There are 2 protein chains.
Amino acid sequence: MTDSFDSSESAEARAGSGPEARATDVLEALHVYSAAEAAMRRRTGTAMGLGENDLLALRFILDNHAGGRTTASKDVTRYLGISSASTTVLLHRLEKGGFIERRPSSTDRRSIEIFATATAEGDTGPMLALAQEQMSMTTESLTVEEARTITKFLTMMRKTVDQIGHRRPN
Amino acid sequence: MTDSFDSSESAEARAGSGPEARATDVLEALHVYSAAEAAMRRRTGTAMGLGENDLLALRFILDNHAGGRTTASKDVTRYLGISSASTTVLLHRLEKGGFIERRPSSTDRRSIEIFATATAEGDTGPMLALAQEQMSMTTESLTVEEARTITKFLTMMRKTVDQIGHRRPN
DNA sequence: CGGATTAGCTAGTAAAACTAGCAAACCGGG
DNA sequence: CCCGGTTTGCTAGTTTTACTAGCTAATCCG
């Protein structure tokens, strides 16, 4: 699938060359990674009848659940960057599929609280957990220094990216 | 938009705590960045009448062009991981928009060669270049050491991710 | 209290992917 | 040489999924 993306090896191959080449290498590696991740999500998603955004939303909800946080519709909306209407339909889709439950919030009667079902934990969980675990193994091989560098870099890049092309849905 | 992703600040805030916390911080930062990038691509794309995959394809073609390689329909198909039918329509869309030209291949008469037009270079270029430039500025502030660390990490992660989804959860 | 804002929903529309299936060109064994 | 199998790109019709517009109910705040 993405195995045919020829440019991928060049960044690694050049990973120790001239000073100007570095910056583009990083960008290219980042870009290649993004493509690989999207492809992975597509594989995983279609394998269990979910779209890319459905999967992202589900992971988001599971992550929140694991962290003891409840998730609301608006959170998903903001996380995915789609409209609130799309989010409604997406959540109904996940509910009908038996992955989540929607209960009215106890504190805000306009809002809903989203819970992942046992199905989502047991069926999706392993699937995502496997990915998560393999990725964790990679990150845990990093030194403290390296981890800090990478985290700082990614946060910087996120802020940069957030400022490109301003638009506000809903 | 993604500025409201509440979990985002935690990775940065914790970026100096325990050694085990680092690994998850890196993963979280990576996730958050991915979401931000996808949102950015969505914004940029709709701002110039192109979808996410259109933009990815165009960048792929421009990259190939810059590297002296010609692009065929099948290459785009494999790169994006979509069906050949979708690729056909996508390319026709880009052609009608004046971003690419499709010429019959000289060596294989079934195949076509895709060329980016001056419009794509001059019109899309700046748009993408702006993003690229801003991101470049970020990457260029890195030291050699940091750049190497990040590139190595991203490449490792890509390899990990490439192996996910070719397996069965049950 | 009363206007403004926020959360979620419905309805209808548009974009973009999919499947199925086709014609032309290419490749390779007999 | 030639005939079956494969590859490339295409059309047609369908499905998925996000969008816009606009609504109701709840909450916030001056």
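**Ground rules.** I am working from a predicted model, where local features need pLDDT of at least 70, side-chain atom pairs count only at pLDDT 80 or more, and totals for chains, interfaces and linings use all residues. Residues are numbered from 1 along each chain as its sequence is written, chains are lettered from A and ligands numbered from 1 in the order in which they are written, and side-chain values use heavy atoms, leaving out hydrogens and water.

**Polar contacts (pairs of N or O atoms within 3.5 Å).** I checked B:Ser86 and found a side-chain N or O atom 2.7 Å from a phosphate oxygen of DNA strand C. For B:Arg93 the corresponding distance to a phosphate oxygen is 3.4 Å. At A:Ser84, a polar side-chain atom sits 3.2 Å from a base nitrogen.

**Which elements?** I took helices as DSSP runs (H or I, at least four residues), numbered from the N terminus. Two or more residues come from each of helix 4 (73-80) and helix 5 (84-96) of chain A, and helix 5 (84-96) of chain B. Helix 5 of chain A gives the most, with 4 residues.

**Helix 3 of chain A.** I compared its length with expectation (1.5 Å times one less than its number of residues): the 15 residues, 52-66, should span 21 Å, and the end C-alpha atoms are 21 Å apart, which agrees. After this helix comes A:Gly68, with a positive phi near 75°.

Methods
A polar contact is a pair of N or O atoms within 3.5 Å; within protein, one must be able to donate a hydrogen and the other to accept it, and residues adjacent in sequence count only if both atoms are side-chain atoms.
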